Amino acid sequence: MPYALCFLLFMIGLYCAVVKKNMVKIVIGIMVMEYAVNLFLIMLGYRTGGEAPIIDKTNIDPQTGQIIAGFVNNAVDPLPQALVLTAIVISLGSLALMISICIRTYEKYGTFDITEIRRLKG
Amino acid sequence: MSVPLPVFIAVPLVTAFILPAFGRKGKAVATAWANLATVALLVLAALSVGQSGVYEIGKWPIPLGINLVLDGLSSLLLLAISVVSAAAMLFSARYMEQYTAKAKYLSLFLLMVAGMNGVVLSGDLFNLFVFLEIASIASYALVGFGCEHEELEASFKYMVLGSIGSIFVLFAVALVYGNTGSLNMAYASKAIQSSGLNPGLGFALSLFIVGFGLKAALVPFHAWLPDAHPSAPAPISAMLSGVLIKTLGIYALVRVVFNVFGVSVQLGWLLIALALFSMVAGAFLAIGQWDIKRLMAYSSISQIGYVVLGIGVGATLIAKGANMAWASLAILGGLLHLVNHAVYKSLLFLTSGSVQMATGTREMRKMGGLAERMPITRTTCTVASAAIVGIPPFSGFWSKLILVIAAVQAHLYWIAAIIVFVSLCTLIMYLKVQRYVFLGELPEALQETKEHHGSMAVAMVFLACLCVLMGLLVIVPSLRANILDPAVNVLIEGLGYSARVINM
């Protein structure tokens, strides 16, 4: 169910990016898609009642010196969070560029409406 | 001598961040520095030909850490990237004097090169995405570099479609991680082999095809290319058409399809269908264009079709278990066309830049008779046109010949007919370029036109020589065995990739 909602969010973003005529709304649509994917990555690593994947003394069996099975079964997968952090930084970079191009385009054309920004065709 | 792999990413990346420090006064130093970096990369890429290896970053063993993989296909692409970027950088030394903020241009250019080198070397799906974004974001900025009406519009269009493509790729990477528990291509591929394709992975594969298809501008996803490539400064058009769409699109698609998911007959036919649409639609749309760079951009779509066609025919033959010799011939044709197209299309864009710089227009109807005024541009443009049309002994002839032979051997005669037909359309469009730009009456306004010599001419002549000599890659057995065959073998071995990387 959460996955379906996440996919719905992705589709809303895609719809917004493809259908809307306003440049800023298109950018918002793209960002909604980006966040949907980030949410999906976080959900991959989510575990109900999981614990942080940090090994300390309580997680090591004093007799054998091995990591206890409970920790292995409960620990959250840390990798998706690292991926999401990287993805957020990348999307920040592309968002900054997109917005600055929107601003420059507005200075040139005086509008955000992509149906009026049409010098290129053919 | 083996070249440490991170150097290919570190050299352009470090140079890119040093260059803006030179500021306005150190423009000449910055230019020299950037050229030095691209030439050094060219030397390193040439040294790494015929080698293979896995580099584990920070000595973390591969399922845990990030790795870089060099194999035949990567080194072929590295060579193409470094040849085109060295020529384009040399061309920019003079050409980019027209623009302000040259140091920023050089640094974006090198960031793009770093991203592309990273894509071809990465052995890890998420890293592939990161490098893909580095190269793409740099290219969005470069397309809009002129900051005029058309450039901003093209850049926005490119950026919207490019970002959607990147997000699709990221979504697919997440799905692969969720289903296989690994981001490393070799381990993900091993997991897919043992579990088979479940619906989640199938969805991931289709997202990969759409995402990389958007980057490669295959026909249903091509809308951004004819705007973006002409709007960029000429050396950047050369880089975008010459190598960017191939590394971010074709290479990444082929790597994921052949080496991670494995080929199937349906997938092969899907690639063939995309390729044929691109070839035919690109060629028809190109013939009607009057903007010289726009014509070349549409012709890029059509030529990308050839590359994908060869690889698609190869994929169907492998999946059917037909004669491997013909499968490898088809793939050889596709990959050779990839390298050839990188060289002659970048040369064509450089000549168009030279024409635009001299005449101040891209409109072919306003030109004419430039053959006498611009002899070097004219000669190199003719060589490149002959190569793209496929006149022997120029480079395009060999790859098209191989593709036709492979299609006939696969009993796909209609495909061979389409290849020849699209070649004829290509002939028409480049005759149009020759006729309207270089022959005919010299208009009044262009009487004083002068060609720029120096670095621009050197870059064009260098690529023109390559256009003539590329045929040797096929004819000379030792060159072929060192450069092309290892690349073909990577695709033929398919899922054997994972075992090879894990054991290396």
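**Aromatic pairs, charges over rings and cysteines**

In this predicted model, B:Phe171 is buried, at 5% relative accessibility. The cut-off explains the label: a residue counts as buried because its relative accessible area is under 20%. A:Phe10 is buried as well, with a relative accessible area of 2%.

Aromatic pairs were counted over all chains, and the total is 23. A:Phe10 and B:Phe171 form one such pair. Their ring centres are 4.8 Å apart. The angle between the planes is 55 degrees, and the pair is tilted. This pair crosses between chains. On one side is A:Phe10, in helix α1 (residues 2–19) of chain A.

The ring centres of B:Phe208 and B:Phe261 are 6.1 Å apart. Their planes stand at 70 degrees, so the pair is edge-to-face. It links distant parts of the chain. B:Phe208 is in helix α8 (residues 199–216), and B:Phe261 is in helix α10 (residues 234–261). The two residues are 53 residues apart. Both B:Phe208 and B:Phe261 are buried.

Rings also meet charged side chains. The charged end of B:Lys432 sits over the ring of B:Trp290, 4.1 Å from the ring centre. In a second case, B:Arg435 places its charged end over the ring of B:Tyr436. Here the distance to the ring centre is 4.9 Å.

Cysteines were examined next. A search of the whole structure finds zero disulfides over all chains. A:Cys102 is in no disulfide. For A:Cys102, the nearest cysteine sulfur is that of A:Cys16, 12 Å away. A disulfide needs two cysteine sulfur atoms within 2.5 Å. A:Cys102 is buried, with a relative accessible area of 2%. B:Cys467 is likewise in no disulfide. The nearest cysteine sulfur to B:Cys467 belongs to B:Cys465 and is 9.3 Å away. B:Cys467 is buried, at 0% relative accessibility.

Terms used: Residues are numbered from 1 along each chain as its sequence is written. Chains are lettered from A and ligands numbered from 1 in the order in which they are written. This is a predicted model: local features need pLDDT of at least 70, side-chain atom pairs count only at pLDDT 80 or more; totals for chains, interfaces and linings use all residues. Side-chain values use heavy atoms; hydrogens and water are left out. Rings of Phe, Tyr and Trp (its six-membered ring) pair if their centres lie within 6.5 Å; planes under 30 degrees apart count as stacked, over 60 as edge-to-face and the rest as tilted. Helices (H or I, at least four residues) and strands (E, at least two) are DSSP runs, numbered from the N terminus. Buried means under 20% relative accessible area, exposed over 50%, partly exposed in between (1.4 Å probe, protein chains only). A charge sits over a ring if NZ of Lys or CZ of Arg is within 6 Å of the ring centre and within 35 degrees of the ring normal.
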